[in-house]
Amino acid sequence: MAEISQEELNERVALLKNFKKLLEQQRSKFQEYLNVLEKQQDSITEEDPEKLLAHTELEQQVVKNLANLQKVIVPMSKMYRNSSKMQSATDDAEIQRIQGELSDLQNKVLKQNEINRDLLRVHIEQIKSHLNNFKNPYKNNRSVYANAQPQKIATMVHVEV
């Protein structure tokens with residue numbers, strides 16, 4: 001095994017610590033996202049539009065944070081893989097464990113997101129059905145404002161003196 005300088009070793013240790021910290025932040029954000037989706041499901045079920053809107057806005061913020069975090073993690077992951085040949089088995093196992101947890105959380109998020117979309121789809125169909133079944137009580141009534149049937153208008157006036 002080739003000797004590495006203390007400076008290179010310090011860089012690798014710093015890289016490992018930063019990469020691990022980023023993965024833990026990502027795991028935390030995924031857990032937060034999953035919690036938001038679960039609460040969003042309750043809002044859909046309760047048909048509470050204000051809560052649903054609030055959860056949707058929060059969801060957008062969490063997704064944006066995850067996307068920004070991912071922009072940093074991807075290059076950090078490449079750097080870690082390039083330098084991982086010299087990392088200890090313990091460090092590598094811990095990174096693998098965190099990445100496995102991230103994968104599980106991501107799958108749970110995707111499943112919960114699918115559940116929420118299905119619930120919303122059902123509620124939208126119910127609302128459409130209610131609207132289609134809505135009866136207009138004025139539909140067949142004659143009204144001065146309705147132009148459903150044109151009125152006959154006299155064209156000649158008969159005057160007798």
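These legends accompany close-up views of a predicted model.

**View 1. Glu-47 in the loop between α1 and α2.** Glu-47 is not a glycine, yet its phi is positive, at about 55°. Its relative accessible area is 53%, so Glu-47 counts as exposed.

**View 2. The second largest pocket and its lining.** The volume of this pocket is about 170 Å³. Glu-47 belongs to the lining, together with Ser-43, Ile-44, Asp-48, Pro-49 and Leu-52. Leu-120, His-123, Ile-124, Gln-126 and Ile-127 also line the pocket.

**View 3. Helices and residue classes around the second largest pocket.** α1, α2 and α3 (89-133) each contribute at least two lining residues. The largest share comes from α3, with 5 residues. By class, 6 lining residues are nonpolar, 3 are polar and 2 are charged.

**View 4. The largest nonpolar core.** This core has 20 residues. Those touching the most other members are Phe-19, Leu-23, Phe-30, Tyr-33, Ile-73, Ile-95 and Val-109. α1, α2 and α3 are the elements that give two or more residues to the core. α1 gives the most, with 9 residues. In soluble globular proteins, nonpolar side chains tend to be buried together.

**View 5. Contacts of Tyr-33.** Tyr-33 is among the core members that touch the most others. Leaving aside residues up to four places away in sequence, Tyr-33 touches Glu-59, Val-62, Val-63 and Leu-66, as well as Val-109 and Asn-113. Val-109 is likewise listed among the core residues with the most member contacts.

Key:
Residues numbered from 1 in each chain as written. Predicted model: local features only at pLDDT ≥ 70, side-chain atom pairs only at ≥ 80, totals over all residues. Heavy atoms only, no water. Helix = DSSP H or I, 4+ residues; strand = E, 2+ residues; numbered from the N terminus. Buried < 20%, exposed > 50% of the residue type's maximum accessible area, 1.4 Å probe, protein only. 1 Å grid on protein atoms, 1.4 Å probe; cavity = no way out; pocket = protein on both sides within 12 Å on 5 of 7 lines; lining within 4 Å. Points joined across faces, edges and corners; volume = space filled by probe spheres on them. Nonpolar A, V, L, I, M, F, W, Y, C, P; charged D, E, K, R; others polar. Core = buried A, V, L, I, M, F, W, Y, C linked by side-chain atoms within 4.5 Å. Contact = heavy atoms within 4.5 Å.
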